[in-house]
Structures are given as structure tokens and as C-alpha cells.
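Hello,

Here is the structure we discussed handing over. Please look through it before reading the notes below.

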Amino acid sequence: MRGKSSGTEIPPLNTTEPIRRTALNRVFAVVYTCAIFALLYHRVETLTIRSRNPLVLVVSFCLLLSDVILALMWATTQAFRMRPIHRREFPGNLQKVVRPREFPALDVFICTADPYKEPPLSVVNTALSVMAYDYPTEKLSVYVSDDGGSALTFFAFMEAAKFAAHWLPFCRKFNLMERNPRAYFSSSSSTSTHACCSEIKMMYESMKVKVEHVVESGKVGDENITGDREREAFSKWTDDFTRHEHPTVIQVLLETSKDRDITGHFMPNLVYVSREKSKTSPHRFKAGALNVLLRVSAIMTNAPMVLTLDCDMSSNDPQTPLRVLCYISDPATRPNLSFVQFPQRFRGLSKNDIYASEFKRLFLINFLGMDGLKGPNHVGTGAFFCRRSLFGSPSTLISPEIPQLHPNHVVDKDKPIHESPAMLSLAHHVAGCNYENQTKWGSKMGIRYGSLVEDYYTGYLLHCEGWRSIFCNPDRPAFYGDAPTTLVDLLNQHKRWAIGLLEVAFSRYCPITFGIRTMGLMGLAYAHYSFWPIWSIPIMVYAFLPQLALASGISIFPKVCHH
Ligand SMILES: O=c1ccn([C@@H]2O[C@H](COP(=O)(O)OP(=O)(O)O[C@H]3O[C@H](CO)[C@@H](O)[C@H](O)[C@H]3O)[C@@H](O)[C@H]2O)c(=O)[nH]1
Ligand SMILES: [Mn+2]
């Protein structure tokens, strides 16, 4: 095949291939630039020379402004067109290069924030889909952050931990591709072959009924609690426990060193975390939640690889971590690698989706272009991070306040979490709402604060620091998520994004100035996003102005006789 292999080893783990016809694109860009200048010249001319009528002046000014914005946005898109590349990875070759024993450990972070907007059963399905990854189980830990601080979500996970003991061996035995139980049972493959399928389906249904019943009734009744351990866990939810004001809750639901599935095989770690909340301290939304998980996981497992997932985004391919290893274990792609980003794909979008919720340009097309520069931006979910990259630039490591949080700190595996009260109490301490005061968390370390789109902002600052990222887009989508389904949800989401992006555009790290100065074309690509909300200006102008101008007899296009 064309393209160069990026490893010295034989066989290759991944290849990179520039997309053809990029040269044509560049020629086109030059021609188009000339056309844009001609248009702007015409607008300025109309504004300064031709008109004395104030109405014409206003119209011409609006058009000039719109065209300048459109020209700016077009110029920024050129960053995506200059060096697009395609990558492929070969997980089949991995075992010839690295032994499974040497695979790095993986911590998965799943964020949820509200049991009514994000049904606990869906969150549980997401968690089960990654717990069933084709990856050495003893190296896998799943951390769930519950910003809703909800006993309902916790109950769902308690049930999920029991169900997992059956589900994981079932996936392994039949080598399922679809390891999200809900997706599996609603697909046709579940109805056919496997004899024990109906048994496991019944277990799933019974878990589903229990969880949904508890969510509907709004509380976990006594009848749902079995045993003292569970009672003790729920005792944290006292009467003055609210989602905005409560102590930290950390519960280790499954532990590799002691829990086994029904076939006697290891289980991955499963840890429920609801960080401390107080009305008087800022909670920083998802960025705050992720930083807490970074610290809690550092104390318990400190895996060098971290996957961040939104609760609605579940795994669709159990081999995904192996694809990531194809980049992380390759000496050619490993240096300065901060994260491997998978595109966001959505389940169940109709072909006629009028809201364009697929975001093809955002998640697929532009990513190819950025991958040829310093790599795709981070989109909050479906990204495998190297933990080290969240602690300072490639050349200067920033040491956290306590040694246990250091990315190189080795956790004592001989001492299981349940036998180590010191470890648990330290984990509670670092999940406290005042823990970050006077530290570098959110400014130089971890996920960065300062924008509502923490994912975009963090990825941007990492690239500025000198890290790079990689776009991985296998044929079988690695993750599937849910897109907003109502217009109100969609508008709210876009409003949030617009505010967050403008926060970056008008910060001192503005991509047009700081970004382009530090990383050239890549800064231009980031500018395209941070200024994305100003598209609304030309769209409004062109939606209304031509009609108004026509109605008042003003001509907005040049007459042929003028030239
Ligand atoms: O205080 C909060 C608020 C949100 N979340 C979680 O953050 C995720 C994303 O929130 P959502 O409301 O679904 O936002 P979207 O706009 O759909 O998400 C996109 O945009 C976000 C902001 O840029 C990114 O964080 C997401 O990864 C990206 O999918 C969800 O899992 C939430 O549970 C929290 O953990 N704590
Ligand atoms: Mn979402």
C-alpha cells in the first residue's frame, strides 16, 4: 500500500497516508482569495465613493461586515485543507510487538450529572460496554463520576456490578462485538444463536426493571437493599444530602484483587465517585468532575492511559484500546502524544435529520485536516489520554502537590483498596471541594478551567504546550452516543458551546493571536472554532437584508454597466 510505515518494527502498527489532490486545493485557495479581495474592494468602494444616501451606507456597511466575517471564516478553514491525512492501524500486529503482560493499565472515566436527564440505566450500559473491553481485565478500571450525587445512580451501579459478573463472561464466551447490553439485546444477533442468551436477557431485564422502578419512585426503598454492606453504603445519603451540598462519596463496587465473575475470572475495578459539593465553592462542571477522577484514580490505580467518556457514549467495539496501543506503543508516534481522539458518532439519527446533528464536518472532515498538523482537537468524549500529558508540557513535568498524584507514582498492587483505609481516606480528601485552592489544577494541570467547552480549551492548551494528538477513525465506529433530540435541547447545547468558544476567543489565549503565534496553521484551525459563533452575524444579515433592500429599492449587487 501507499504511504509510509511509521515504525521501525516489522510488522507495522499504523500507517499514515496524505490525502491526494491537496495541491489542487491550494491552487483553488489562491484563486478564491483573489475573488474575496475583489469582492471586499467592491464593498469598500460602494461605502466610500458611490453613496451619499445614509440608508445605502448602512446596507453597505452591514454587507461589508458580513463579507469580512465570511472571508475570515473561509480563511480559517484553509488550515484544515492544507495537509489532510488518513491513518490506519493494525491491531492484529500488536501482539507480535508488545506482549499483553506489558500493556499499560487503562482507567476509564465516565461522567454523569443528573439521574433524570441521563437515565442511570443508560449510564450503566455505557460502563458495562467498556468493562467488557478485550483488554487484560486486571489492568482495567472504570471510574464513574456522579455530579448528581444521586442514590438512584449509585443503586443502578450496585446492580450493574452484580450483572457484570454474568455479562462479562458471556461477552467473552461468544466473542460479541456489541458489548453494550441494551444495544445487544435490541439487535437481531441476540435473538438467534446463543442458547444461554435468554437467561442473560432475563437477568438484564430484571436489573432494568429494578433500576427503572427505583428511578420512578425517586428513592431506594429498604426492599432494594440486601445486606449490611449495601446498607452502610446508602447511609451516606442522609436527610440533608442534596445534589448541591454533600460530602464526598466513594464506593469501590468491584475490585480486581478480590472479585471474580461466575467463571472465576478477574473483574475490572469499578468505582463510584460523587465529589464533595458545597454552594460556596465553584464546582467547574465536567472539568471539575474529571479532575477529581484524575486524582482519585491516581491514588487507587494511576493507569498511564485514561479514557474519558460521556455517560451517553458507549463502546461499540471491544478492540478499541488495542487500536490506541497501535499508536501508543509505536516509537514513531509515541513522542509528545497527548491523546488519541475518536470521532463522536450518534446512534439512531434519521437520514433526514434536519438539525445536522451528525456534525460530519466537525468530527470527521476537519479532523483529517488537523491530524496532518498537530492532531484533532479534543471533543470531550472518546479520547484516550496519556496521563502524563495532563501534567505540564513534554519537556517540563509539573509535579502535583502530593507525591501520590504524580503520573509516575506506582500504586502498591499487593495492597487492595478494601484493605487500605489510608488510601480510601486520601481519595476522599482529594475529592474535596476545597482541595484545589492554591494548586495548579485547572490552570496548569489536568483539565483546564475558564471555558464552558472545557474539552476544546484543554485540547487547545495541550497543543500550544507542544503535545500532539492522533485521529483514529476505524471502519466500525468505536463509540456511539446520543444526539440531542429536541429543538430546545439542541439550542441549549449550541448556546453553551457558543459561549464557551467565545470565552476562549476573547481570553488572553485567543487562537488568532496566541494560537497562531505558537503553532501557525494549527492556531488558525482553532480560531475557526473559537470564532464559530460569529457566523450568526452574516447569516442574519443575508437572511434579512436583501429583502429589505429590495423593498426599499436599494441595489446591493453591482450593476453590469458599472464595470
Ligand atoms: O456539571 C456537570 C455537567 C456535565 N457533566 C457531564 O458532562 C458530559 C457532557 O455534558 P452534556 O450536557 O451531554 O453536553 P454536550 O454538549 O452534549 O457535550 C459535548 O460538549 C461538552 C462541552 O464541550 C463536552 O464536555 C462533551 O464531551 C461533548 O460531548 C455528560 O456526560 C455530563 O454528565 C458533568 O459531569 N458535570
Ligand atoms: Mn451530550
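Predicted model: local features only at pLDDT ≥ 70, side-chain atom pairs only at ≥ 80, totals over all residues.

Residues are numbered from 1 along each chain as its sequence is written, chains are lettered from A and ligands numbered from 1 in the order written, and side-chain values use heavy atoms, without hydrogens and water.

Ligand 1 is surrounded by 21 residues (a heavy atom within 4 Å of the ligand). Asp147, Lys286, Asp310, Glu454 and Asp455 are the closest. By class, the shell has eight nonpolar, six polar and seven charged residues (nonpolar: Ala, Val, Leu, Ile, Met, Phe, Trp, Tyr, Cys and Pro; charged: Asp, Glu, Lys and Arg; polar: the others, Gly among them).

At least two shell residues come from each of β4 (106–112), α10 (285–300), α14 (454–465) and α15 (487–505) (DSSP runs numbered from the N terminus: helices H or I, at least four residues; strands E, at least two). α15 gives the most, with three residues.

A polar side-chain atom of Glu118 is 3.0 Å from an oxygen atom of ligand 1. For a polar backbone atom of Ala113, the distance to a ligand oxygen is 3.2 Å.

Strand β6 (residues 249–254) has six of its six residues buried, so it is largely enclosed by the rest of the structure (buried: under 20% relative accessible area, 1.4 Å probe, protein chains only). β6 runs antiparallel to β7 (residues 269–274), with five bridges joining them; Ile250 faces Val273 in β7.

Regards

How values were computed:
Buried < 20%, exposed > 50% of the residue type's maximum accessible area, 1.4 Å probe, protein only. Pairing = 2+ DSSP bridges. Polar contact = N/O pair within 3.5 Å; in protein donor to acceptor, adjacent residues only side chain to side chain.
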